[in-house]
Amino acid sequence: MTHTTTRVSHGIGDPVSDAPPVPRAKLEEIFQDIQADLRYDHELNGCLNCGICTATCPAAHYYDFSPREIVQLLWTENLEGIYDVMQEKIWACAQCYTCAARCPFGNSPGGLIMLMRETAIKHNMESARNVLRPFSRVMLKLISTGNQLAPDMITRDHFPDWGPNVSKIDAPLKVLRQAIPVPTLNTTATAWEVNLKTSIELYTIWEETGVLKQLETIDENLFDVITDFMDEKREDWKDWLADQEDENDD
Ligand code: SF4
Ligand code: SF4
């Protein structure tokens, strides 16, 4: 599914140094991909350089990161600066959107950062692969079961790589989750039983929204495992439908 805007700059005037990190044509392509998203028009309306976004940004308190800097780079079409922040800084954002609630221009710095992240994935940047690699197990679980975790899974046995402290959050989480009136989320046995039709519908959403294409870009092996799994589930779904028709014919 591709949405485009008319905002894409042609003939970007920002000067590029004698030795850009990648050729200027590539820098322009990356920026135009960010601009081409339908959300860009809504999320960047100008920038006063006032710093309110950075003053309220939790990530800015802990990292060398400033949403003001990132919005300014986009607003001034600083191609090299945009490329540079995509190598590390954009991944510091917690996507809390405090900045969007405060910006006097109605910008959404967090939303713009999300567009830059998606573009980093599309261009197979090393920063995107490094950041997303630890999540491959989570993605596999999510796609193959429909759920990732149930509270009673968070134990040392299930997550030996999380270290001994995982036991400290075991009991409280389980109790807290039971207060939420969604009984199917309470235990491993029930949380992982996702309806087959729901799974098939999720696959369609992931395909249509480009999630799977993004996954293929950053981790081809995981993509292959997941598509095999999806094919099997789709076959199961077809068999189930055929069984239903047979039963109706009888
Ligand atoms: S709050 Fe808005 S106008 Fe101010 S620096 Fe941040 S993005 Fe720019
Ligand atoms: S969405 Fe990102 S940039 Fe905005 S306030 Fe939250 S952490 Fe900071």
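Reply: In this predicted model, the axes of α5 and α8 approach to within 10 Å and cross at roughly 65°. The crossing in which α5 passes α8 is left-handed. On the α5 side the contact is made by Pro67, Ile70, Val71 and Leu74, and on the α8 side by Pro109, Leu112 and Ile113. By class, this contact of α5 with α8 comprises seven nonpolar residues, with no polar and no charged ones.

Consider α5 first. The buried residues of α5 are Pro67, Arg68, Ile70, Val71, Leu73 and Leu74. These buried residues pack against α3, α4, α6 (79–85), α7 and α8, and the crossing with α8 is therefore one of several packing relations of α5. After α5 comes Glu77, whose phi is positive, near 55°.

The partner helix, α8, has 14 residues and reaches 20 Å from its first C-alpha to its last, close to the 20 Å expected at 1.5 Å a residue. Ten of the 14 residues of α8 are buried, so the helix is largely enclosed by the rest of the structure. The buried residues of α8 are Pro109, Gly110, Leu112, Ile113, Leu115, Met116, Arg117, Thr119, Ala120 and Ile121. Just after α8, Asn124 takes a positive phi of about 55°.

For ligand 1, the elements that give two or more residues to the shell are α3 (52–56) and α5 (67–75). Of the 14 residues around ligand 1, Cys47, Cys50, Ile52, Cys53 and Cys103 come nearest. The shell around ligand 1 divides into ten nonpolar residues, three polar and one charged.

For ligand 2, 14 residues form the surroundings, and the closest are Cys57, Cys93, Cys96, Cys99 and Gly110. Here α4 (58–62), α7 (98–102) and α8 (109–122) each supply at least two residues of the shell, and the largest share, three residues, comes from α8. By class, the shell around ligand 2 has eleven nonpolar, three polar and no charged residues.

Asn49 has a positive phi of about 60° although it is not a glycine, and Asn49 lies in the loop between α2 (38–43) and α3. Asn49 is exposed, with 10 other C-beta atoms within 10 Å. Tyr97, also not a glycine, has a positive phi of about 65° and lies in the loop between α6 and α7. Tyr97 is partly exposed, with 14 other C-beta atoms within 10 Å.

As for the setting, the protein chain has 15 helices and zero strands. Of its 250 residues, 23% count as buried. Among contacts between residues at least 6 apart in sequence, 69% join residues at least 24 apart.

Methods
Residues are numbered from 1 along each chain as its sequence is written. Chains are lettered from A and ligands numbered from 1 in the order in which they are written. This is a predicted model: local features need pLDDT of at least 70, side-chain atom pairs count only at pLDDT 80 or more; totals for chains, interfaces and linings use all residues. A residue is near a molecule or strand if its C-beta atom, placed from the backbone, lies within 6 Å of it. Helices (H or I, at least four residues) and strands (E, at least two) are DSSP runs, numbered from the N terminus. Ala, Val, Leu, Ile, Met, Phe, Trp, Tyr, Cys and Pro count as nonpolar, Asp, Glu, Lys and Arg as charged, and the others, Gly among them, as polar. A residue is buried if 20 or more other C-beta atoms lie within 10 Å of its own, exposed if 12 or fewer, and partly exposed in between; C-beta atoms are placed from the backbone. Two residues are in contact if their C-beta atoms, placed from the backbone, lie within 7 Å. Axes are lines fitted to C-alpha atoms, for helices over the stretch in contact, and angles run from 0 to 180 degrees between N-to-C directions. A crossing is left-handed if the near helix is turned anticlockwise from the far one by less than a right angle, and right-handed if clockwise. The expected span of a helix is 1.5 Å times one less than its number of residues.
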